[in-house]
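Please look at the model first.

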Amino acid sequence: MRLAIISSHPIQYNAPWFRMLAESARIHPIVFYTWGQSAEGAKYDPDFGRRIEWDIPLLDGYECRFVKNTAADPGTHHFKGIINPGLIREIQDCKPDAILVFGWSFHSHLQCIRHFHGKIPVLFRGDSTLLDEQPGIKKLMRRTFLKWVYRHIDLALYVGSNNKDYFLAHGLKEDQLVFAPHAVDNDRFAEPDEIYSQQAKDWRSRLGIGEDEWVLLFAGKLEPKKNPAFLLELARNIDNPKLRILMVGNGILEDELKKAAKDDERILFLDFQNQQQMPVVYRLGHIFVLPSSGPGETWGLAVNEAMACGRPVLVSDKAGCAVDLVRENENGFVLTGNNLQECVKFISRSLENRDDLPGMSRNSRKIIQEFSFRRIIDALENIF
């Protein structure tokens, strides 16, 4: 069975399961990358403030094509940034049995959904949630529009509970929804654990972090949506010299955060680290923290990565993944807008009762096994 996959550009979270799908005996994927300019490789990321080129292969092991994009202002930052006059013809030439479209909010992607509706099965993947939805006329107008969009798809591959609620709210039925979880390459982050752990121990030593000190880790873009300033607030509320806070990444808040943290020697900063280094980076911390305040934190795949590395997690309820991945007092804690002091208590208990860490670590590894590339492949094979 031939499956045409419509995606804007190569992404480190998708390429591995595209490769696995290509190895399947049942499905042959053909991926059409609609942001044709992304074939050039490294691109400037305004949130990181630098050019980014991932150090893992994104195009190996599966058939893919970069489609000519004629947008005047090409990119994924607006609806008219993806315009492919030849896309539908290229898809038709491949004679697919079905198509899978990632996101509707680009001109060509929505056009593709509408064109193939009723001709071949149209599968859709997106990770939107209702977490940031505000009441009012704009909500009603958006609901009406999105119900019209989703009338053109046959099945939606939902990534988690919040995403499923979103699809149900916009007119899709239970029998149109298939669980295909947000996932990372769990095996790559999990093994070899002993080697990664030793490398992290050596790195902590070079950073001046003592073996008896406890590290809260943030890794990601230093941007308002991620709310990295929350870690500085934790530092102000936890007067324990054994607590260290490590912030890994770059972004528009970087200078502001460094200035605010300059008088607290417990707080350290590291620049952006590429994918091959991340299994070691997550092991620098004892607890991973994603304190996102939104809007737009539809999931938070860094949490998957940290859990695959066996880290307990502290995650905001504004991150779409929290309801599925965090089980309080088993593998972490859920941060809400009014429970700062409960969060402080959780961290303080962790500092005092470090024997709890191995159990929480095992629970994180166990939970994340249900959110795997294998589950995505199984979902698609079951559909076909």
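A crossing is left-handed if the near helix is turned anticlockwise from the far one by less than a right angle, and right-handed if clockwise. Helices are DSSP runs (H or I, at least four residues), numbered from the N terminus. The model is predicted: local features need pLDDT of at least 70, side-chain atom pairs count only at pLDDT 80 or more, and totals for chains, interfaces and linings use all residues. Residues are numbered from 1 along each chain as its sequence is written, and side-chain values use heavy atoms, with hydrogens and water left out.

H11 passes H14 in a left-handed crossing. In this contact (heavy atoms within 4.5 Å), Asn304, Met307 and Ala308 of H11 touch Ser364, Arg365, Ile367 and Ile368 of H14. By type, these residues are four nonpolar, two polar and one charged. Ala, Val, Leu, Ile, Met, Phe, Trp, Tyr, Cys and Pro count as nonpolar, Asp, Glu, Lys and Arg as charged, and the others, Gly among them, as polar.

The crossing of H1 and H15 is right-handed. Pro16, Trp17, Met20 and Leu21 in H1 meet Phe373, Arg374, Ile376, Ile377 and Leu380 in H15. This contact has eight nonpolar residues, no polar ones and one charged.

Axes are lines fitted to C-alpha atoms, for helices over the stretch in contact, and angles run from 0 to 180 degrees between N-to-C directions.

| Helix pair | Angle | Axes |
|---|---|---|
| H1 (residues 15-22) and H15 (residues 373-383) | roughly 45 degrees | within 10 Å |
| H11 (residues 301-308) and H14 (residues 357-368) | about 120 degrees | 8 Å apart |

H11 and H14 are therefore oblique to each other. Angles under 35 degrees count as roughly parallel, over 145 as roughly antiparallel, 65 to 115 as roughly perpendicular and the rest as oblique.

Notes: Helices (H or I, at least four residues) and strands (E, at least two) are DSSP runs, numbered from the N terminus.
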